[in-house]
Amino acid sequence: MRRTRTELLYRSTSLAIEFNPVEEWIYANWRGYQNYESVVLGCEKLLELMKEKACFRILNDNTHVEGQWSTAAGWVAADWFPRMRASGLQVFAWVYSPSVFSRLSVDKSIKLAEFPDYIKVFEDIALAKDWLRAHI
């Protein structure tokens, strides 16, 4: 297994964002219970850092997310994803949480976004990383 040095770009109680210069992706590690405000703040920060680093491949990890955040699903689909794509987003690997309620929120976001081909959801982070590596 290859170890890489990542650069911490942002940390809050609900989200840590790192830049992986070797793999050329941004890693968003969401944690705990999310709500509309935390999702919007975190997503806006992710958009800002994606543009700042000119890195357009995202590994979005919900492994440690608990509960639902479906109140933000419509905003993610209709507002944030279109702006991410317009800003250069190429691929977005989204790792499910074990929490069924969090998974339902992810599924709602994707359904409302009409499941664009640049977003793929994974049960396992290793599979998400492999998919990103195949989309350089």
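The model is a predicted one, so local features are kept at pLDDT of at least 70 and side-chain atom pairs at pLDDT 80 or more, while totals for chains, interfaces and linings use all residues. Residues are numbered from 1 along each chain as its sequence is written, and side-chain values use heavy atoms, with hydrogens and water left out.

Secondary structure comes from DSSP runs, with helices being H or I stretches of at least four residues and strands being E stretches of at least two, numbered from the N terminus. Going by that scheme, strand 1 (residues 7-11) and strand 2 (residues 15-20) run antiparallel and are joined by four bridges; two strands pair if DSSP finds at least two bridges between them. Three residues sit between the two strands of this hairpin. Within the pairing, Leu8 has Glu18 of strand 2 as its bridge partner.

With 14 residues (73-86), helix 2 spans 19 Å from first C-alpha to last, close to the 20 Å expected at 1.5 Å a residue; the expected span is 1.5 Å times one less than the number of residues. Even so, helix 2 has a kink of about 35° at Trp80, shortly before the proline Pro82, where the bend is the angle between axes fitted to the seven residues ending at a position and the seven starting there. After helix 2 comes Gly88, with a positive phi near 115°.

Which residues of helix 2 are buried? They are Ala73, Trp75, Val76, Ala77, Trp80, Phe81 and Met84, taking buried as under 20% relative accessible area, exposed as over 50% and partly exposed as in between (1.4 Å probe, protein chains only). The cover over these buried residues includes helix 1 (36-53), strand 4 (57-66), strand 5 (91-95), helix 3 (100-112) and strand 6 (119-122).

Leaving aside neighbours within four places in sequence, Val76 is in contact (heavy atoms within 4.5 Å) with Val39, Cys43, Trp69, Phe81, Pro82, Trp94 and Ser109.

On to charges. Seven salt bridges come out of a search of the whole structure, each being a side-chain nitrogen of Lys or Arg within 4 Å of a carboxyl oxygen of Asp or Glu. One of them pairs Arg83 with Glu44, at 2.5 Å from N to O. Since Arg83 lies in helix 2 and Glu44 in helix 1, this pair ties together parts that are 39 residues apart in sequence. Arg83 is partly exposed at 30% relative accessibility, and Glu44 is partly exposed too, at 29%.

Another bridge, Lys45 to Glu48, has an N to O distance of 3.2 Å. Lys45 and Glu48 are three residues apart in helix 1, so about one helical turn separates them. Lys45 is partly exposed at 22%, and Glu48 is partly exposed at 39%. Leaving aside neighbours within four places in sequence, Lys45 is in contact with Tyr10 and Ile17.

Arg133 and Asp130 form a salt bridge with their closest N and O atoms 3.2 Å apart. About one helical turn also separates this pair, because they are three residues apart in helix 4 (residues 125-133). Arg133 is partly exposed at 32%, as is Asp130 at 43%. Shared partners link Glu23, Asp130 and Arg133 into one salt-bridge network.

Finally, the backbone. Most residues other than glycine have a negative phi. Glu24, however, has a positive phi near 60° and sits in the loop between strand 2 and strand 3. Ala54 has a positive phi as well, near 50°, and its place is in the loop between helix 1 and strand 4.
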